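Hello,

Here is the structure you asked to look at. My notes on it follow below.

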Amino acid sequence: MRPQRFWLFPLLLVLLLLLPACTAELAEEDLVGRGGPTPQAAVESFLATLNEALQADLADETARRGWAERLASYFAPSERADQRIVFSRMLATYAQSAARPVYGSTATVQITYTGAEVIKRQGDRAVVRVVDGQVTLQWLDGEGQVVRERTSALTTLMGQAEGFPVLRVGGSWFITEG
């Protein structure tokens with residue numbers, strides 16, 4: 001019986017030696033994220049990716065998970081786990097609503113803006129305002145013609161009346177919850 005267990009000790013030793021390396025690599029990868037070199041770039045890149053996600057085929061759960069991961073990577077590393085959940089739910093709800101809208105046969109969402117500007121900055125924190133940010137929701141018929149359209153302010157949708165709070169972590173800027 002003892003010879004059969006002998007292989008277990010070297011295996012556990014190798015796993016214990018490899019575990020810190022895996023943890024360090026994962027932490028470094030989480031720190032990098034997508035962020036941006038400036039506060040404005042972080043917000044603009046996030047909005048561009050959000051637009052891409054809203055135009056993608058989100059019927060597939062794996063695709064939604066990928067988009068949720070990508071969107072969460074624009075947030076500060078300590079907030080990403082929560083943001084993955086938020087974006088996963090949001091994209092699933094959007095996919096269901098877009099496939100079976102109240103009006104027409106499909107729905108689309110498009111975010112537009114003319115730029116982003118820092119309105120506050122103090123050390124490693126800033127607030128970025130999206131200039132002329134709008135969200136346009138269109139309901140389309142079977143031929144792709146607009147049946148109904150609604151436009152609202154991006155700040156209303158995102159819940160960021162003043163702007164997007166951003167945080168510098170390492171050399172990059174990330175969106176933060178506040």
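E79 touches I175, T176 and E177, leaving aside residues up to four places away in sequence; contact means heavy atoms within 4.5 Å. The model is predicted, so local features need pLDDT of at least 70 and side-chain atom pairs count only at pLDDT 80 or more, while totals for chains, interfaces and linings use all residues. Residues are numbered from 1 along each chain as its sequence is written, and side-chain values use heavy atoms, without hydrogens and water.

E79 lies in the loop between α4 (61-72) and α5 (80-99). Helices (H or I, at least four residues) and strands (E, at least two) are DSSP runs, numbered from the N terminus. E79 is buried, that is, under 20% relative accessible area, with exposed being over 50% and partly exposed in between (1.4 Å probe, protein chains only).

Next, the aromatic rings. Rings of Phe, Tyr and Trp (its six-membered ring) pair if their centres lie within 6.5 Å; planes under 30 degrees apart are stacked, over 60 edge-to-face, and the rest tilted. There are five aromatic pairs by this rule. In one of them, the ring centres of F46 and Y74 are 5.9 Å apart and the planes are at 70 degrees, so this pair is edge-to-face. F46 is in helix α3 (residues 39-55) and Y74 in the loop between α4 and α5, 28 residues apart. F46 is buried, at 1% relative accessible area, and Y74 is buried too, at 5%. F46, Y74, F75 and F87 form one aromatic cluster.

Regards

Methods
Lys and Arg count as positive and Asp and Glu as negative; His and the chain ends are not counted. A salt bridge is a side-chain nitrogen of Lys or Arg within 4 Å of a carboxyl oxygen of Asp or Glu.
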